[in-house]
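Visitor: Could you walk me through this structure? I'm new to reading models like this.

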Amino acid sequence: MSTAVLPRENYLNTDYGLRSWFLTTDHKRICILYLLTITLFFAIGGAFATVMRLDLATPAADLVSDETYNKMFTMHGIIMVFFFLVPSIPATLGNFLIPMMVGAKDVAFPKLNLASWYIFTAGGCFTLWALISGGVDSGWTFYTPFSTLSSNTNVTLAALGIFIAGFSSILTGLNFMVTIHRMRAPGLTWFRMPLFLWSMYAASLIFVLGTPVIAITLLLVAAERVLHLGIFDPARGGDPVLFQHLFWFYSHPAVYIMVVPGMGVVSEIVAAFSRKRIFGYTFVAFSSLAIAILGFLVWGHHLFVAGISVYSALVFSLLSYFVAIPSAIKVFNWTATLYKGSISFATPMLYAFGFIWMFTIGGLTGLFLAALGIDIHVTDTYFVIAHFHYIMVGGAIMAYLGGLHYWWPKMTGRLYPEGWGKLGFITVFLGFNLTFFPQFILGYMGMPRRYHAYPPEFQTLNVLSSAGASILAIGYLIPLVYLLWSLKYGPIAGPNPWGAKGLEWTTSSPPPKHNFETTPIVTEPAYNYSELEETAVV
Amino acid sequence: MWPSLFPEEASTIAPRVDALYFFLVAVSCFFVVLIAGMLLLFAIKYRRRHEHDVGASIHGGMVLEVTWTLIPLGIALIMFVWGAKVYFDEYTPPPGNSVIVYGLAKQWMWKFPPMDGQREINELHVPVNQRVKLIMTSQDVIHSFFVPDFRVKMDVLPGRYRTMWFEATRTGTFHLFCAEYCGTGHSRMVGQIVVMSPSDYQAWVAGGVSHNTLASAGQTLFTNLACASCHSAASGSRGPVLNGIYEQRVKLQGGQSVIADDAYLRESIMNPAAKVAEGYQPIMPTYQGLVDDEQLLELIEYIKTLKPAAASAPSVTTSEPEGQGTSQPITEHGKSSSAVSSPSAAPTAQR
């Protein structure tokens, strides 16, 4: 569509050589470093899932041993959660876009930003070391006293790996918050900000407030294993359920770390491909903050059968229903945005539709788990597996892929092939639903999670799920191939191939090293496609 | 043949869980159809027809925002209340007689020590249409007792007794799963619940009578550990007399009080200093490591059989509130056990 050439000077060609990458403080290059790192982790985590789904195609545990299977799901969970999903959108798209969206040259603390990547990578290496030197079988949840007393695998190493990586989350969150507070361009008031910034701000809050708790918790597990402290060991007066409280105090908000940035991406995509301001901007913006705050008050819903009092279960159930409301508000507002829009079916928009579908199903099934009477039956079954994969894989990865496609021309200066993009989306969408929808039924039938062998009546649905997983695996490979292809052969994108609003689209693609030739001045609200009156903000 | 995709409804609580489930399924279907339908409708109707088209100048609407905040909130509150009701009923054993069953979980098996029936591993026989009260603990890590066809589940914790109940409504054999990941053999920690008609159940209980009931084993332990050297009227009241203490309110030092249930008795043996009865010194040593979980159950079962001495206030046994009906488990569970509980003299009574 464009006969233009790439800008003569951009952040990719100002310096060459490994040194210019590994010592860079440019947020855009750090984004690329993260992109490569987490893609590697995604591939490793995905390989474990593939082995599990292959094994589960038959009821008898016949492909790998019980020990191996348990290590597979443990490492799948640890790598996907802590080394892919948590950093996915924030560390890549967040790093690339936050300075550009606020109209700044870089994040507030560029060197800290690079340090975050090194810390993250060090934590990842630690965890990979735990994996290579024998593996871990505690489950990604590290429940005590199994993890402290019973497991004789590399629990301590893996916990330390996550502990280290946590500092990267904290520093990244801090960096983003300061950037959004202090570095906005002249005229960019809070309520003129793109919704992606609101959601990244909310996620950063969770990074900064939640991560220290998981760090302390995992340190206690490591200390209990090494020093036999007795914090979680009932024989020494400890309480094993205490661990679950501490663990979920971070790990439930962590779900929102994964999905709230995705909501921000979807808001950007829906606005850009409807050429319309997001319906109810302020409601969508504040719902991100509401989710971040309420998300800290619902951890107990993971413990309804674990031994908490029925009265505290009541409180946690009620609060869990409250956190569903801001999520519902977002979905309704995105839908309403389409009304009288100018809607394009470009690949990023398809991923946004995919996100809304996945997130709606994932969110509604969350209501089942928040209902105390149903939770007793379905907790720790495949119903839970299906639910959180709809949110974290269906939701978060759909948004991640959608965002990657939307900003790919900005990051690389080149467009991907649109036909292949649509094919990739359709494959991922069908594969995902075929993999995980049967698991809801399986869970209600009573198949417990983390089961290597299972009774034969569960086989039909497991075969369907495994078939879906193989389609999904191909679906993830398709974008990998054509995105790499586009780096060399993709059409030149030009500064704004989508006709989108937003500061990042006002500069060349790929952007120059310092993002903008001159400091931008913002004079209008976000998504001002039809020249709105600013006073009309709801 | 098309395989069944729904679990059996084999307990009193199952239809209630399912009713709530179907309500949520209906609400979910409504919202999925609504949102997906609107998305598709708008996306097709307002598809971009010319490259430079932009959307209409609409930015929000307070009425809509309030509507789609309040309606979901109202529906959510219905779900909350309904779910809470089912949960309360499921986790609060109702008054009245129940069959009492002890469950011991360990890597990777379920043990059901015999009250006076047969010793069972990975298999539990229960009568149909009769409440079964389970008192469970774990000998190692956390496990979870899960019977999908009954819609019941409860985590089983080391160092704690947890109590749940169910009432099977169909005879047959049902899966028992461990639902909390517990290590290498987690998926092998499965068993079955065999629900029998009352006559079959009686025959099964009678067929397996062993002379070594839980309570009689507990009595032997009680003697061997010399518990009576403190816990008897003759001991100069170094420790409280245990006759008739089960399910009664015990006053503690410092003015608080506690019901002497299974959990309290267990704690008092393993960690005696935690809650000391009023008027006694914290002189009892811990029996942690001296008695295992199974022996603890035997001791507790024996203590339950100790009837209050005739001289002491008889009102203790009759003042029982209706919610505490589970204190007569032994008589409920078959007649053979009554022999154990007949002597009501000092706990050291040699038999």
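Guide: What follows is a short talk about a predicted model, taken one topic at a time.

Visitor: Let's start with the two chains; how many residues of chain A are in contact with chain B?

Guide: On the chain A side there are 82 residues in contact with 75 residues of chain B. Several helices of chain A give two or more residues to that side, among them α3 (66-102), α8 (240-274) and α14 (418-445).

Visitor: Which element gives the most?

Guide: That is α10(A), which gives 15 residues to the side of chain A that touches chain B. Sorted by class, this side of chain A has 52 nonpolar, 21 polar and nine charged residues.

Visitor: You mentioned α14(A); how many residues does it have?

Guide: Helix α14(A) has 28 residues, and from its first C-alpha to its last it reaches 41 Å, close to the 40 Å expected at 1.5 Å a residue. The residue that follows α14(A) is A:Gly446, and its phi is positive, near 115°.

Visitor: Okay, new topic: which residues have the most contacts inside the largest nonpolar core?

Guide: They are A:Ala159, A:Leu197 and A:Ile356, in a core of 267 residues. Chain B takes part too, since this core draws at least three residues from each of its domain 1 (99-207) and domain 2 (214-311). Leaving aside residues up to four places away in sequence, A:Ala159 touches A:Phe142, A:Leu218, A:Val221 and A:Ala222.

Visitor: And over in chain B, what is the order of the strands in the open sheet?

Guide: The order is β3-β2-β1-β5-β8, five strands of chain B whose pairing is mixed. At the edges stand β3 (120-121) and β8, each with a single partner strand, so one side of each is left without a neighbour in the sheet.

Visitor: What does "mixed" look like around β5(B), parallel or antiparallel with each partner?

Guide: Strand β1 (residues 99-106) of chain B pairs with β5(B) in the parallel sense over seven bridges, whereas β8 (residues 162-167) of chain B pairs with β5(B) in the antiparallel sense over six bridges.

Visitor: How many residues of β5(B) are buried?

Guide: Eight of its eight residues are buried. Both faces are covered, with B:Arg131, B:Lys133, B:Ile135 and B:Thr137 on one side and B:Val132, B:Leu134, B:Met136 and B:Ser138 on the other.

Visitor: What about B:Asn129, where does it lie?

Guide: B:Asn129 lies in the loop between β4 (123-127) and β5 of chain B. Its phi is near 55°, a positive value in a residue other than glycine, and with 13 C-beta neighbours inside 10 Å it counts as partly exposed.

Visitor: And B:Glu247, buried or exposed?

Guide: B:Glu247 has 20 C-beta neighbours inside 10 Å and therefore counts as buried. Its phi is also positive, near 65°, and B:Glu247 is found in the loop between α4 (214-224) and β11 (249-251) of chain B.

Visitor: Last one: where is A:Pro145?

Guide: A:Pro145 lies in the loop between α4 (110-132) and α5 of chain A. The peptide bond that joins A:Thr144 and A:Pro145 is cis, with omega about 0°. Another cis peptide bond runs from A:Ser509 to A:Pro510, with omega near -10°, and A:Pro510 is found in the segment after α15 (459-489) of chain A.

Technical notes. Residues are numbered from 1 along each chain as its sequence is written. Chains are lettered from A and ligands numbered from 1 in the order in which they are written. This is a predicted model: local features need pLDDT of at least 70, side-chain atom pairs count only at pLDDT 80 or more; totals for chains, interfaces and linings use all residues. A nonpolar core is a set of buried Ala, Val, Leu, Ile, Met, Phe, Trp, Tyr and Cys residues joined through C-beta atoms within 7 Å. A residue is buried if 20 or more other C-beta atoms lie within 10 Å of its own, exposed if 12 or fewer, and partly exposed in between; C-beta atoms are placed from the backbone. Domain bounds come from an automatic or database domain assignment. Two residues are in contact if their C-beta atoms, placed from the backbone, lie within 7 Å. Helices (H or I, at least four residues) and strands (E, at least two) are DSSP runs, numbered from the N terminus. Ala, Val, Leu, Ile, Met, Phe, Trp, Tyr, Cys and Pro count as nonpolar, Asp, Glu, Lys and Arg as charged, and the others, Gly among them, as polar. Two strands pair if DSSP finds at least two bridges between them. The expected span of a helix is 1.5 Å times one less than its number of residues.
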